Amino acid sequence: MPPPALPQPTAAGAALLETFGRVIVINLPERADRRAGLERELRRIGLTLDHPQVTLFPAIRPDSAGGFPGIGVRGAYLSHLGVLEALLEKGWERALILEDDVAFCSDFETRFPPAAARLRAGPWDMAYGHATFTDLPAPQGLAELPADRPLDLLHFVGMRAQTARLAVPFLRAMLARPTGSPEGGPMHVDGAYNWFRAAHPGLRVLAACPPLAVQRPSRSDIASARWYDRLPGLRALATRLRQTRAGG
């Protein structure tokens, strides 16, 4: 029996593939709940985890914190670093990196294509799908971030290969330093990217403003589990309540 046909990308889905070429999703293998939620998000724009341009990257779960604030923080750092290394190993020119709790905003279908057109028309090195700044001009929904302007979270970030070539040794060097090093040591990966951008002020970094993507409410793999997430029955109830909050 032939496999079911893949859905056709919507205008936003087609623009996403044309702009970034590849989509890499970071997901812990045991987090089937997040894979299911991400699959629902992708289907909103006519994509699936089975699409040939979508790659699932198994997130890393280390045995110890190793100088980071927690095991999950170290795992997120190593996972994002692993994605950059995979991008370079595969020879891809660019990719969109998604964390598995990403949610496209309700108007993504109408607002992303103009933003994508701007990315395709001009040079960029990194592209965040979220920002809440009100003091920066944002033509076609994209603001240019100064190198010293920090931005939290990495649930939607576009990366070019030439940027990854700079970022990989930078992040590797931070791993090798002691915690609290004035040169930058183990820290949350979004903070490490802020250090990276500050050290490379020539990078052209754009961010969607207002956001094109947010994070879905779900049990965190970085923060310590709440008491109701440590009990199986209550964990299932908490998951359903989070899905209700997210409109899922």
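This is a predicted model: local features need pLDDT of at least 70, side-chain atom pairs count only at pLDDT 80 or more; totals for chains, interfaces and linings use all residues.

Me: Is the crossing of α1 and α4 left-handed or right-handed?
Reply: Residues are numbered from 1 along each chain as its sequence is written, and side-chain values use heavy atoms, with hydrogens and water left out. Helices are DSSP runs of H or I with at least four residues, strands are E runs of at least two, and both are numbered from the N terminus. A crossing is left-handed if the near helix is turned anticlockwise from the far one by less than a right angle, and right-handed if clockwise; for α1 and α4 the crossing is left-handed.

Me: Why are α1 and α4 described as roughly parallel to each other?
Reply: Axes are lines fitted to C-alpha atoms, for helices over the stretch in contact, and angles run from 0 to 180 degrees between N-to-C directions. Angles under 35 degrees count as roughly parallel, over 145 as roughly antiparallel, 65 to 115 as roughly perpendicular and the rest as oblique. Helix α1 (residues 11–20) packs on α4 with the axes 8 Å apart, at an angle of about 25 degrees. α1 and α4 are therefore roughly parallel.

Me: At what angle do α5 and helix α6 pack?
Reply: Among the residues that meet here are Phe 170 and Met 174 in α5, with Trp 195 and Phe 196 in α6. α5 passes α6 in a right-handed crossing. The two axes lie 10 Å apart, and the angle is about 120 degrees.

Me: Which element gives the most to the lining of the largest cavity?
Reply: On a 1 Å grid over the protein atoms alone, a cavity is a set of points where a 1.4 Å probe fits but cannot get out, and lining residues have an atom within 4 Å of a point. Grid points are joined across faces, edges and corners, and a volume is the space filled by probe spheres set on the points; the largest cavity holds about 50 Å³. Its lining includes Phe 20, Phe 112, Tyr 128 and Leu 212, and the elements giving two or more residues are α4 (108–121) and β5 (126–128). With three residues, the most comes from α4.

Me: Which residue does a cis peptide bond join to Cys 209?
Reply: The residue in question sits in the loop between β8 (205–208) and β9 (213–215). Omega is about 5 degrees for the bond, and the partner of Cys 209 is Pro 210.

Me: Where does Gln 140 lie?
Reply: Gln 140 has a positive phi of about 55 degrees although it is not a glycine. Its place is the loop between β5 and β6 (142–144).

Methods
On a 1 Å grid over the protein atoms alone, a cavity is a set of points where a 1.4 Å probe fits but cannot get out, and a pocket is an open set with protein on both sides within 12 Å along at least five of seven lines; lining residues have an atom within 4 Å of a point. Contact means heavy atoms within 4.5 Å.
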